[in-house]
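Good morning, colleagues. Please look at the sequence and the structure on the screen, and I shall then go through several of its helices.

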Amino acid sequence: HGLAMFLTDVISGFAVGLLFGMSGVGGCSLMTPLLTLLFGVPPSVAVGTDLAFASITKGFGTFTHRLRGTVHWDIVKLLCLGALPAAVVATLGLKHFGTLSPEMGQLIRYSIAGSVLLTVVALLFKGKMLAWINAKPERQLKGRALSTATIVAGAVLGTLVTISSIGAGAIGATLLVMLYPRLSAAEVAGTDIAYAVPLTAIAAFGHWWLGSINWELLAMLLVGSVPGITLGSWIARSVPERFLRGLLAMTLTGVAAKLIL
């Protein structure tokens, strides 16, 4: 029984790592629902364990992007100004209402489903949103308005990530694209991953304090995900992006429906 559980966890980590490596986004959106739906992990523990997992894997990702010079640290700073206090407040809220109570578990399930659906919208309509923004350059925010909007976006993401562990990937990237349409895809990815590291670390620390991290599960997921991410990044070059996005969007929609029902 122990061996079967060990293999299942390692394979899950590998599958999520593979998807994350191939798409750059969406992989992390699958981890929490996967833990909740397939392995019956309580929603709060799935969120806490996924946050610890994300803070470690995104740390390595940032290191790579930093070497390539694709991180805009000024934007990262603004996002963190909103996201980090929001993560602390959300953690205190979870503490106050009791993370492991059945009602809270249900609420967390719904917030996971909501975040997954937002990810689907982000995956499918990012191109259309970008085209709309580029067609109306006069509508683009500048100066102080842009800085304020970035801090607010950070606060929204900080809250979403702490409660559902989802949002730092595709949703964060889409918000960045809308606020800073001139960034290249690599810069969006690098900046998105860089601010997510302190955010997921603080949120994970909060969940550790709440007692909602399964360390054994985390270790097994990490063992599987490292080769998965490596292989996924390698395959990504040969798989058409539209196909990948469609596949991810379909999978995530199914996951959200199952969570709600």
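L30 is buried, at a relative accessible area of 7%; buried means under 20% relative accessible area, exposed over 50%, and partly exposed in between, with a 1.4 Å probe and protein chains only. This is a predicted model, in which local features need pLDDT of at least 70 and side-chain atom pairs count only at pLDDT 80 or more, while totals for chains, interfaces and linings use all residues. Residues are numbered from 1 along each chain as its sequence is written, and side-chain values use heavy atoms, with hydrogens and water left out.

L30 sits in helix α2, residues 27–39. Helices here are DSSP runs (H or I, at least four residues), numbered from the N terminus. Leaving aside residues up to four places away in sequence, L30 touches L19, L248, T251, L252 and V255, where contact means heavy atoms within 4.5 Å. From L30 to H207 there are 177 residues in sequence and 19 Å in space, C-alpha to C-alpha.

I turn now to helix α5, residues 102–135. Its 34 residues reach 48 Å from first C-alpha to last, close to the expected 50 Å, that expectation being 1.5 Å times one less than the number of residues. At F125, α5 bends by about 60 degrees; the bend is the angle between axes fitted to the seven residues ending there and the seven starting there. Among the buried residues of α5 are M104, G105, I108 and I133.

How do α5 and α10 run relative to each other? The axes of α5 and helix α10, residues 241–260, come within 9 Å and cross at roughly 160 degrees. Axes are lines fitted to C-alpha atoms, for helices over the stretch in contact, and angles run from 0 to 180 degrees between N-to-C directions. The two helices are therefore roughly antiparallel to each other, a term that applies to angles over 145 degrees. The contact involves residues including R109, Y110 and K126 of α5 and R245, L248 and L252 of α10.

My last topic is helix α7, residues 170–179, which is mostly covered, with eight of its ten residues buried. The cover over those buried residues includes α4 (73–97), α5, α6 (143–164) and α8 (185–210). In α8 lies D192, which counts as buried at 5% relative accessibility. D192 touches A168, G169, G172, A173 and L176, again not counting residues up to four places away in sequence. Of these, G172, A173 and L176 are buried residues of α7.

Conventions. Angles under 35 degrees count as roughly parallel, over 145 as roughly antiparallel, 65 to 115 as roughly perpendicular and the rest as oblique.
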